Amino acid sequence: MPDTIVFGATGFIGRPLVRELLARGHHVAAAVRDARTSGDRLTAWLADHHTDTTHLTIVEADITTEHLGIPPDTLAGIRDVYNTAGRYAFGLTAAEAKAANVTGARHVVQWAAARPNLRRLVHISGYRVSGADSPPPDYRKLGAYEASKIEGDAVVRTRARELGVPLTIANPSTVIGEGQYIGLATMVADLWHGRLPALPGGRDVFVPVVTLDHLVQVLANIPEHEATAGQAYWILDDTTPNLPDLIRHIADHLGVKAPKRSIPVGLLRRLPRALTGADPETLSFLSTDRYPTAAANAFAKATGVRIPAVTDALNDWADHLVATRFGTVPEPREETRRVPVHDRAPGPDEPLR
Ligand SMILES: NC(=O)c1ccc[n+]([C@@H]2O[C@H](COP(=O)([O-])OP(=O)(O)OC[C@H]3O[C@@H](n4cnc5c(N)ncnc54)[C@H](OP(=O)(O)O)[C@@H]3O)[C@@H](O)[C@H]2O)c1
């Protein structure tokens, strides 16, 4: 009988979380929207990643529907509920973003509240949420994705409080790893293709990253520790270089030229998109803000989470991005993944091998 459920189990964060939880001996219910299509994709991914799926159960769920489409009186043994489901994309309408990231997130809280053996709900928010009760976000100004994550965070915390659900919120920054192709990845794509004319923002712009493995280990550890209930953890690597240095580092690693000039964020906002190539929704991420990471760092340290040097992690991710042509060709098989980029990836103007 499953003891743990992961919503969004086919996602970039959900699938390695399922893998980690299975490896730790949990019986995991992987909630997918369609067992035949996305369920098969997940089991194929797990097989490719040498995962023992004896204790995996695939269940169908759509978080936009009130009871998630899960038959009542099933999954009574669930102790831990992870919500990694959501719409992570730019260019969504407010209605599209809200359906999963606000209404869907609330439905998951309500479903968790009805579990007789609930130990913890872990909800994935985002690092640009305030974590405090604040006025409703401005969807026009922030863009639908970021605004829906801020609203969703508040809704989840309020509903959990009302229903007495033991909640932990994870606020990861840009997660880097195999399968992350949006946000910062598009900037790396522009750099690789020689389409990044200038560094966006000033020298203090900080776009922190965290590796997928780091995040997944922390997520898997959270319910095991009672003191994490009621906490929000900003999970990101404080040692991430500021954005201009990060871009220069990746350019050096990939053997391409980094732009010498920079464009202030204020000017980027005013210039037409056709000129800058920048999605206006991503501009609010170009911030000099720093984040309250002390609690998450202490928890990661206390629980022995392995955190690689951020520069090595950026190199591995950049290699992966190039090797997969930024997500347009299949990921290399596990055995071939750690080959340095220059040994396996074609240059920007070369045909794919
Ligand atoms: N990736 C990052 O860098 C990052 C950083 C901070 C926070 N986050 C947050 O982490 C969460 C997961 O992100 P991700 O990168 O893993 O996204 P992803 O790869 O797009 O995965 C999203 C998952 O949500 C599922 N989903 C979407 N709508 C659903 C619905 N109505 N009902 C049930 N499942 C639904 C998708 O299922 P299908 O396969 O059926 O589409 C997929 O499994 C999001 O809330 C995102 O905001 C991500």
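At what angle do helix α6 and helix α12 pack, and how far apart are their axes? I started there, knowing that this is a predicted model, where local features need pLDDT of at least 70, side-chain atom pairs count only at pLDDT 80 or more, and totals for chains, interfaces and linings use all residues. Residues are numbered from 1 along each chain as its sequence is written, and side-chain values use heavy atoms, with hydrogens and water left out.

**α6 and α12.** I found α6 (residues 184–192) and α12 (residues 310–323) packed at about 70°, their axes 11 Å apart. That makes α6 roughly perpendicular to α12 (65 to 115 degrees counts as such). I took helices as DSSP runs of H or I, at least four residues, numbered from the N terminus. For contacts (heavy atoms within 4.5 Å), I noted L184, A185, V188 and W192 in α6 meeting W317, L321 and V322 in α12. The residues of this contact divide into seven nonpolar, no polar and no charged.

**α3 and α5.** Next I looked up α3 (residues 94–113) and α5 (residues 144–163), which pack at about 20° with axes 9 Å apart. That makes α3 roughly parallel to α5 (angles under 35 degrees).

**Ligand.** I then checked the surroundings of the ligand: 24 residues surround it, and the closest are T10, R33, Y145, K149 and Q180 (a heavy atom within 4 Å is the cut-off). I also noted backbone N or O atoms at 3.3 Å from a ligand oxygen for G8 and at 3.1 Å for G11. The side chain of D62 has an N or O atom 2.9 Å from a ligand nitrogen.

Conventions. Axes fitted to C-alpha atoms, helices over the stretch in contact; angles between N-to-C directions. Helix = DSSP H or I, 4+ residues; strand = E, 2+ residues; numbered from the N terminus. Parallel < 35°, antiparallel > 145°, perpendicular 65-115°, else oblique. Nonpolar A, V, L, I, M, F, W, Y, C, P; charged D, E, K, R; others polar. Polar contact = N/O pair within 3.5 Å; in protein donor to acceptor, adjacent residues only side chain to side chain.
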